Amino acid sequence: ELEPLPLMTLDFLQILSEVCEQCYRDFAPDDVEVKVREHILQDFETFLRCQVPGAKLVLFGSSKNGFGFKQSDLDICMTLEGQDTAEGLDSMAVIESLAKALRKHHSLRNILPITTAKVPIVKFYHTKTGLEGDISLYNTLALHNTQLLASYAAIDARVKILCYVMKVFAKVCDIGDASRGSLSSYAYTLMVLYFLQQRSPPVIPVLQEMYVGEKKPVVLVDGWDVHFFSDLKNLHKYWPGYKKNKESVGQLWFGLLQFYTETFDFKETVVCIRRIEPLTTFKKQWTSKHLAIEDPFDLSHNLGAGLSRRMASFIMKAFINARRVFGAPVRDFPPEYPNKMEYF
Ligand code: CTP
Ligand code: MG
């Protein structure tokens with residue numbers, strides 16, 4: 001049972017909750033914007049099929065996982081009909097021919113094939129919408145993690161709101177760009193989900209540990225187990241923690257900042273959303289990393305692997321700062337909220 005908070009603190013948390021909810025309303029795309037993304041995808045597919053026979057396109061990432069912004073990039077995965085895996089495929093050649101094809105599209109600019117990255121892609125800029133995007137090939141695990149994140153987003157409205165707040169926070173503090181040495185927004189989303197699983201009582205379950213029947217099913221994709229409980233309308237039957245946590249988003253946001261600045265030990269523990277038991281950096285042999293975030297499916301992938309010591313410390317400082325700002329007295333408190341300062 002949580003200790004009752006003093007009245008004034010409740011007021012402050014109420015304001016914090018409203019700010020969090022406002023953040024979600026301001027940045028989430030509306031129905032039209034969602035449809036526009038689907039329309040672009042359809043248009044690309046029709047266009048590509050004339051030049052790359054059997055090309056199939058699927059949207060993934062934040063356009064589909066429930067944590068998209070109005071201006072989020074278009075993450076597109078391409079596969080070829082009749083070919084289940086990338087095996088035997090000359091990815092570089094396909095990427096080059098894809099780039100060549102896209103250059104003929106009248107509303108695309110800045111076509112740039114990147115064949116040196118872990119996942120080869122073609123980047124593009126869509127002039128009609130001002131959206132950037134990229135097309136990757138057989139990015140199958142990413143399609144599965146998109147579904148996993150979408151499931152968590154669908155469980156509780158607070159999940160969505162907090163992930164938006166976290167992404168805004170990362171953008172504002174300039175700590176959310178993996179291509180510039182910090183962490184991807186995907187990594188920050190995993191951090192929010194981990195916190196919500198570890199909260200007491202938890203806000204969300206560990207879907208990858210849940211199953212119906214005797215034995216946990218194993219579904220292998222690219223050699224990794226991608227099984228997770230997805231029968232969300234029956235979640236209340238299988239998850240004893242269902243709706244037990246009644247905290248407000250403001251409370252949770254402040255709780256998250258406290259968790260990552262005071263409770264969680266980055267040296268010892270891995271941010272890991274696939275199990276409830278703590279996972280140690282020692283067990284993963286990730287002790288030399290400053291910040292370890294395990295991908296929920298590709299267990300060899302540490303999303304914090306690319307962080308320099310300086311960057312890790314910069315990120316931690318941003319959290320410590322936020323912890324102070326969101327819990328500290330505000331000098332110019334709005335006049336309708338007088339005398340709040342003394343409580344913080
Ligand atoms: N992804 C991944 N592993 C990473 C980075 C990304 O599997 N190290 C996958 C995730 O499915 C992610 C998607 O690629 O959602 C797209 O990545 P990105 O565009 O960086 O993040 P988004 O989740 O789409 O968020 P944003 O709104 O910032 O685009
Ligand atoms: Mg994206």
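**Charged contacts and a magnesium site**

Glu45 is buried, with a relative accessible area of 16%. This comes from a predicted model. The side chain of Glu45 meets that of Arg49 in a salt bridge, at 3.9 Å from N to O. That distance counts because the cut-off for a salt bridge is 4 Å. Both residues lie in helix 2 (residues 31–49), four residues apart, about one turn of the helix. Arg49 is partly exposed, at 32% relative accessible area.

Side chains of opposite charge can pair when their charged atoms come close. The count of salt bridges here comes to 13. Another of them joins Asp156 and Arg158, with 2.8 Å from N to O. Asp156 is buried at 19% relative accessible area, because buried means under 20%. Arg158 is buried too, at 13%.

Next comes a contact between loops. Arg199 forms a salt bridge with Glu247, the closest N and O atoms being 2.6 Å apart. Arg199 sits in the loop between helix 6 (185–198) and strand 6 (220–221), and Glu247 in the loop between helix 7 (235–238) and helix 8 (249–263), so the pair ties together parts that are 48 residues apart in sequence. Arg199 is partly exposed, with a relative accessible area of 21%. Glu247 is buried, at 7%. Elsewhere, salt bridges with shared partners join Glu45, Arg49 and Glu81 into one network.

The magnesium ion (ligand 2) is coordinated by Asp73 (OD) and Asp75 (OD), at 2.0 to 2.1 Å. Asp73 is partly exposed, with a relative accessible area of 30%. Asp75 is buried, at 12%.

Notes
Residues numbered from 1 in each chain as written. Chains lettered and ligands numbered in written order. Predicted model: local features only at pLDDT ≥ 70, side-chain atom pairs only at ≥ 80, totals over all residues. Heavy atoms only, no water. Donors = N, O, S within 2.8 Å, 3.2 Å for Na, K, Ca; no water. Buried < 20%, exposed > 50% of the residue type's maximum accessible area, 1.4 Å probe, protein only. Helix = DSSP H or I, 4+ residues; strand = E, 2+ residues; numbered from the N terminus.
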